[in-house]
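Colleague: I have just opened this one and would like to talk it through with you. Could you start with whatever I need to know about the terms you use?

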Amino acid sequence: MIRGARAGDAQCQLALGKLYLFGGASLPQSPPTALHWLHRAAIQGRDEAWRLIGSHVGYEHAQHSREAVLPWYERAWEAGVLPAGLVLAQLVLSTPPGESDAAGALGALGALGMAAASAHGSLRAKAMQALDAAVRAGLPGAVRLLAQQQPAPAAQAAAAPAAAAADAPPIPINSLAYVALDEAWGKLPRAAFLEQALPLVRQLLREAPPDAEAARNAGWQAAPQQVQLLARCAQALAQVDAYADADVGLEADGTELHCRELAAHGGDRTAQLALGLWFARMTRDGQRVRDGIAAVNFKRAIRWLTQAGEQGLADAWFALSRIYIKPEFSQRSVSEAQACLERAADMGHSAAQLECGIHAWRTRRGGEENDVRAAYWLHKAAAQGSGEAQAALRRIAPQTDGGGWAASLPGVSRELLGSQPLLAARVELAGWFGLSRAEALLLDVKAADRGHCLVVDIRASYGRGKRRLVLVRNAQQRQALDRIGRLFEHVDAGLNGPEGNYRQRLYRLKTWLPGEGAGDAAEQAGSNGLQPA
């Protein structure tokens, strides 16, 4: 996919942009990289690309390439994507002074300057319309930008939603208060944040349904700013041990659960995760907790954890895998647990990667590629600092001495590189990965390279060989393997290829490297148990 995207394939660019946008396939979540590939796909006419840009890429990433991506946000806003309207307003209305001065100077260029000024005015009017819609929807940051465009009283008047609007939230929104609370969340201790948030929380909880089920049955829905406030209050109440210090003034446990249920109903993924764990009476790592709900409710736990997982939380999928293997769960399913575990591992969950690796290794007899999958997941977990994964990797793919028989050979001459490039590459490969002489001469480099490891398997042409894995442990080994792989890209590495059979290859090796003639016994020495032909 990466090769296709770099080559200009629009479908690959779109798919790669989506992976970087949401995270997956072992790629990290990276909005700037996603914007790069989605922008290239949109240029080639992929409508889904600019819709994704408008829906999910915020101003903090779009501002660095304003002129290039501005048309996509404008098009997405015209197509009804509300978040795109806010970013469009930020890009247009937050233009640096130097750019506005330059736009003003266009007036001196006659008709061309007038046309440019007219286009700029039309775009600014569209941006103001988008900003007004964002304020009415309660999108974070919209009120602050509006306040920069108008005097404070006018901004407050525009921030209040119309009472007659059909989709108006049930509770009036003081948008400027939510902006202040948003800043307080990042600057103040949790107890101080609760002191400031308490008035709005009381108002919300007085007029809101008692729980998520009642809210769903009544069709009640809070504005995005309210959902965020409820989720943050629930998180703060869980973190503050001494509620008296915060002067909460409410029944602490009931308030925390009430806030969390309403935030989860509103779509906040952290609240959904916390609520699912509460119903399952477990921690994020699957350990059972003594306090919490009186009786476990796995059905409701699965519902909330699934919603949180679909929004990109790996902890939710890992918790689901723990639920599905519980003996007391009436719908216990090992296959469903494994599917959830692999989704968590794909999202980068270290414990899930470790468990997937161990499971693949234990079932290696059921599929020849299971050892490769085991090494892959354990390598991922070890990269995140898992000591257990590192120990398992040492058992599955023991680290070689780094040279073996190839390290004792004289340096490869320039003459050998020029006349026998494939033989020289095999000798170098043996030095990098500690291959035996037979492995180095017979290995099919293209088939052996699995990205994270080499599958060394020469049993088809060397009866005493054994299948084993050799990890690619650093960037230098990866670069060397890529370079050597390019040499064999269009070469048949089998016994019917240009290199000949094993005896011919061995004869060629001894001819060009006479010092290798005394190394027959060295072939018997390795940990893989190979014997001479």
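Modeller: A residue is called buried when its relative accessible area is under 20%, exposed when it is over 50%, and partly exposed in between. Please keep in mind that this is a predicted model. As an example, Phe298 has a relative accessible area of 11%, so it counts as buried.

Colleague: OK, and what is the relative accessible area of Phe329?

Modeller: Phe329 has a relative accessible area of 7%, so Phe329 is buried as well.

Colleague: How many aromatic pairs are there, and how are the rings of Phe298 and Phe329 arranged?

Modeller: The structure holds 6 aromatic pairs. In the one formed by Phe298 and Phe329, the ring centres are 5.3 Å apart and the planes stand at 65 degrees, so this pair is edge-to-face. Phe298 belongs to helix H19 (residues 298–310), while Phe329 sits in the loop between helix H20 (314–324) and helix H21 (334–346), so the pair ties together parts that are 31 residues apart in sequence. Ring pairs also bring in Tyr324, which forms a cluster with Phe298 and Phe329.

Colleague: Tyr324 is in H20, then. How many residues of H20 are buried?

Modeller: In H20, 11 of the 11 residues are buried, so this helix is largely enclosed by the rest of the structure. The buried residues include Asp315 and Arg322, along with Trp317, Phe318 and Tyr324.

Colleague: And what do the buried residues of H20 pack against?

Modeller: They pack against helix H18 (269–280), H19, H21 and helix H22 (350–362).

Colleague: Changing topic, which residues is Arg232 in contact with, leaving aside its neighbours within four places in sequence?

Modeller: With those neighbours set aside, Arg232 is in contact with Leu181, Asp182, Trp185 and Phe193. Arg232 itself is found in helix H15 (residues 224–239), and its relative accessibility is 17%, so Arg232 counts as buried. The side chains of Arg232 and Asp182 make a polar contact of 2.9 Å.

Colleague: How do the rings of Trp185 and Phe193 sit relative to each other?

Modeller: Among the 6 aromatic pairs, the one between Trp185 and Phe193 has ring centres 4.9 Å apart and planes at 75 degrees, so it is edge-to-face. Both of these residues are buried.

Colleague: Which charged end sits over the ring of Trp185?

Modeller: That is the charged end of Arg190, which sits over the ring at 3.7 Å from its centre. In a separate case, Arg364 lies over the face of Trp361, 4.0 Å from the ring centre.

Colleague: Are Cys233 and Cys356 buried or exposed?

Modeller: Cys233 is buried, with a relative accessible area of 1%, and Cys356 is buried too, at 2%.

Colleague: Last one, what about the protein as a whole?

Modeller: The protein has 30 helices and 2 strands, and buried residues make up 44% of its 533 residues. Of the contacts between residues at least 6 apart in sequence, 60% join residues at least 24 apart. The accessible surface comes to about 26,300 Å², and 52% of that belongs to carbon and sulfur atoms.

Notes: Residues numbered from 1 in each chain as written. Predicted model: local features only at pLDDT ≥ 70, side-chain atom pairs only at ≥ 80, totals over all residues. Heavy atoms only, no water. Buried < 20%, exposed > 50% of the residue type's maximum accessible area, 1.4 Å probe, protein only. Phe/Tyr/Trp six-rings, centres within 6.5 Å; stacked < 30°, edge-to-face > 60°. Helix = DSSP H or I, 4+ residues; strand = E, 2+ residues; numbered from the N terminus. Lys NZ or Arg CZ within 6 Å of the ring centre and 35° of its normal. Polar contact = N/O pair within 3.5 Å; in protein donor to acceptor, adjacent residues only side chain to side chain. Contact = heavy atoms within 4.5 Å. Areas by Shrake-Rupley, 256 points an atom, 1.4 Å probe, with all protein chains shown as cover.
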